[in-house]
Amino acid sequence: MMDLSRVSLRPFKMSDVEDFLLWAGDNRVTQNLRWKTCGSREEAVAFIRDVCIPHPWRRSICLDDRSIGFISVKPWSGDERCKADIGYAIGANYWGQGITTKALKIAVPQVFKDFNDLLRLQAFTSLENKASQRVLEKVGFLREGVLRKYTYLKGDIKDLVVFSFLSTDEIPTRH
């Protein structure tokens with residue numbers, strides 16, 4: 001059983017490049033992400049420098065302070081600033097161990113603290129990605145429905161499942 005006290009979140013650092021490449025370079029991990037699989041050390045350096053570090057809320061999911069995945073929150077703006085989209089991924093070697101659930105349970109309250117106007121955090125998963133749907137449910141996200149033929153992802157039109165977590169919702173204490 002994984003010791004989940006070893007899981008933490010922190011901003012990305014340039015020293016994460018080698019660890020980042022291990023999971024961001026894996027097609028199994030990136031198949032449900034909008035970004036392409038990272039193919040080289042140079043691409044990883046550029047992605048961390050140009051995307052991860054300047055991002056308004058992107059955190060490295062760490063195990064013993066080594067990057068094994070990410071959580072990213074994209075706040076909307078203007079009249080839509082009451083909502084934000086959350087996405088995440090973790091290295092395939094760490095699937096099914098409760099790490100992503102733990103990381104999201106750390107992230108969600110922090111996101112609501114960091115964005116004062118935020119009332120709704122929403123997540124979208126492909127209909128086939130049952131593991132990601134289970135993670136969201138364990139964290140307390142509510143499944144709202146299926147958006148049919150909603151997005152173009154890696155060459156295919158996909159149905160997405162939409163989940164939400166409101167600022168008034170509570171994260172379940174049991175796993």
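**Lining of the largest pocket.** I started with who contributes what, and β4 gives the largest share of the lining, six residues. This is a predicted model, so I keep that in mind throughout. I then listed each element that supplies at least two lining residues: α2 (27–30), β3 (66–75), β4 (83–90), α4 (99–114), β5 (120–126), α5 (130–139), β6 (142–153) and β7 (156–166). Next I looked up the volume, and the largest pocket holds about 1,300 Å³ of space. Its lining counts 46 residues, and those closest to the centre are N32, L33, Y88, F124 and S132. I sorted the lining by class and got 19 nonpolar, 16 polar and eleven charged residues.

**Second largest pocket.** How much space lies in this one? I find about 200 Å³. Here 13 residues form the lining, with L22, W23, I68, N93 and Y94 nearest the centre. Two or more of the lining residues come from each of α1 (17–24) and β3. By class I count six nonpolar, three polar and four charged residues in the lining of the second largest pocket.

**α1 against α3.** Which residues of α1 and α3 meet? From α1 I have V17, E18, F20 and L21, and from α3 I have R41, A44, V45, F47, I48 and C52.

**Whole chain.** Last, I stepped back to the fold. I count five helices and seven strands in the protein chain. Reading along the sequence, I wrote the order down as β-α-α-α-β-β-β-α-β-α-β-β. For overall extent, the C-alpha trace spans about 40 × 40 × 35 Å along its principal axes. I also checked the radius of gyration: a compact globule of 175 residues would come out near 16 Å, and the protein chain has 16 Å, so the two agree.

How values were computed:
Residues numbered from 1 in each chain as written. Predicted model: local features only at pLDDT ≥ 70, side-chain atom pairs only at ≥ 80, totals over all residues. Heavy atoms only, no water. 1 Å grid on protein atoms, 1.4 Å probe; cavity = no way out; pocket = protein on both sides within 12 Å on 5 of 7 lines; lining within 4 Å. Points joined across faces, edges and corners; volume = space filled by probe spheres on them. Helix = DSSP H or I, 4+ residues; strand = E, 2+ residues; numbered from the N terminus. Nonpolar A, V, L, I, M, F, W, Y, C, P; charged D, E, K, R; others polar. Contact = heavy atoms within 4.5 Å. Rg over C-alpha atoms; globule rule 2.2 N^0.38 Å.
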